[in-house]
Amino acid sequence: MSDILSLPPELLSRILDYVPGRDLPNVCITCKTLRDVVYVDSVWQRKCKQEYNFKSIEGWNVNYRTLYSKVLMRYGDLVGLWRRDFKYFGGLLQIKYDKGCIKGLEVLAPASLCVDRPLRKKDLFTISMTSSETVQIVSVHNFPEDEDGRGGEGEQRPCILRVEKDETKGRVLEYKVTDKNYILQKENLTDLPVFRRWISDEFEDDPNANMYFPCYRRRGVDYLSSRHEYRWSPLELPSKDRVNVPIQPGLFKGTYSAHGIEILSLDYNDDLTEVTVTKITGDPNVPATKVSVYGILTSPLVLTLEQQESLDTLAAVSAHHVTEQSGLPVRQPFRVPARFERDVPDIPEFCTFRCRADGQIAAHSFQNPSFSDGHFVVFDERKFGMVWLELMSFSIYVRVDEKELSD
């Protein structure tokens, strides 16, 4: 058998594609020939792509080998979505590659009740390389401190970013800023310009702001007073490859009256008899990580407009009427009953699927949780709704487009 070292360097470099990047330094010490091949930057470029889906070194000012060994081996597997561990409210973090850095972005629901608007993003931290090729992690999570919008923007400060192991949650990502000048106390926080600016950004001149203010005030105080310290666990989104379901799984934005818009995940059980809508962000009544809606796919409904006139007609349908439909989409008229609260003005007039559902409700601090009757309604692949019979309200949910997360 011929000596492998007699092969051309181009073939040797391709053979190294089957060796994990973290083992290549061991290959280097075997002989000069393999060391020379390992030091070819195209070998490391392919490793960055194969193992960490890293595609462009633009802005990094280092070669692929240095990037792999100093950055990607330590932080490359953080890229993706993370769910915040934050009492009641939860949160969403996206870590992505950017020009010259790995960036962590806080992902926020649209302001006010504009559920059709895209998610908002706020830069939280960056991981980059200095001119001396050392890793630098800084917080860029800034809030304008002055009424005119100046003061906090563009400022960087050191921060701690580390991964810990948790017995129940697995990996936990921790972020902490130790700068005392950045830490806000709850006491008198609502008197500060930073709070007034936060409220202004959340409401965006909403005419119903006074009705929502108590809920937003509580959330704003908790959010701003904890801005120096976050904890997240990995978030795996369901795949969109289900067959014979009324709507594909995924990430959605949903309206929750005075609590504003929340971010949720929709998925199905294994035998496709139930659809589950789970909160990624939440509120003091039904917090993040809790199920908001169970749709009972084995109890489909096909209703006339007359049957949707009022709470009484809908309640009668829920108690006695189940169609013989298979659960596949059936186009039918839709209306929100009279006197029901609705968070959006433009509601579709037709739906493609409807079934009985259970919606979770609770008192403040998730006290006395229970499930109440409702209807799970699909309008198209982008929108679904929940008719809450006991609450006499209607929530609408809009899919988070992939472009919203890729931008």
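Visitor: Which element gives the most to the lining of the largest cavity?

Guide: That is α7, with 5 residues; helices (H or I, at least four residues) and strands (E, at least two) are DSSP runs, numbered from the N terminus. Please keep in mind that this is a predicted model, in which local features need pLDDT of at least 70, side-chain atom pairs count only at pLDDT 80 or more, and totals for chains, interfaces and linings use all residues. Residues are numbered from 1 along each chain as its sequence is written, and side-chain values use heavy atoms, with hydrogens and water left out.

Visitor: What volume does the largest cavity have, and which residues lie nearest its centre?

Guide: Its volume is about 380 Å³, and of the 31 residues that line it, F89, L108, R219, I261 and T281 lie nearest the centre. The elements that give two or more residues to this lining are β3 (101–108), α6 (193–203), α7 (209–225) and β11 (261–268). On a 1 Å grid over the protein atoms alone, a cavity is a set of points where a 1.4 Å probe fits but cannot get out, whereas a pocket is an open set with protein on both sides within 12 Å along at least five of seven lines, and lining residues have an atom within 4 Å of a point. Points are joined across faces, edges and corners, and a volume is the space filled by probe spheres set on them.

Visitor: How do the residues of that lining divide?

Guide: The lining of the largest cavity has 16 nonpolar, 7 polar and 8 charged residues, where Ala, Val, Leu, Ile, Met, Phe, Trp, Tyr, Cys and Pro count as nonpolar, Asp, Glu, Lys and Arg as charged, and the others, Gly among them, as polar.

Visitor: Now pockets: what lines the largest one?

Guide: The largest pocket, with a volume of about 520 Å³, is lined by 24 residues, and N53, V79, I95, K96 and Y97 are those nearest its centre. β2 gives the most to that lining, with 5 residues.

Visitor: And which residues are closest to the centre of the second largest pocket?

Guide: The second largest pocket holds about 360 Å³ of space, and of its 20 lining residues the closest to the centre are Y256, S257, H259, I361 and L391. Elements that give two or more residues there are β15 (341–342), β17 (353–363) and β20 (393–399).

Visitor: Which strands run antiparallel to β13?

Guide: Strand β12 (residues 274–279) is joined to β13 by 5 bridges and runs antiparallel to it, and β13 also pairs with β17 in the antiparallel sense over 4 bridges; two strands pair if DSSP finds at least two bridges between them. I296 in β13 is the bridge partner of E274, while V293 has G359 in β17 as its bridge partner.

Visitor: Why is β13 largely enclosed?

Guide: Because 7 of its 10 residues are buried, β13 (residues 291–300) is largely enclosed by the rest of the structure; buried means under 20% relative accessible area, exposed over 50%, and partly exposed in between (1.4 Å probe, protein chains only).

Visitor: Which residues have the most contacts inside the largest nonpolar core?

Guide: Those are F125, Y175, W232 and F334, in a core of 83 residues; such a core is a set of buried Ala, Val, Leu, Ile, Met, Phe, Trp, Tyr and Cys residues joined through side-chain atoms within 4.5 Å. A second, separate core of 21 residues includes Y256, V275, V293 and I361.
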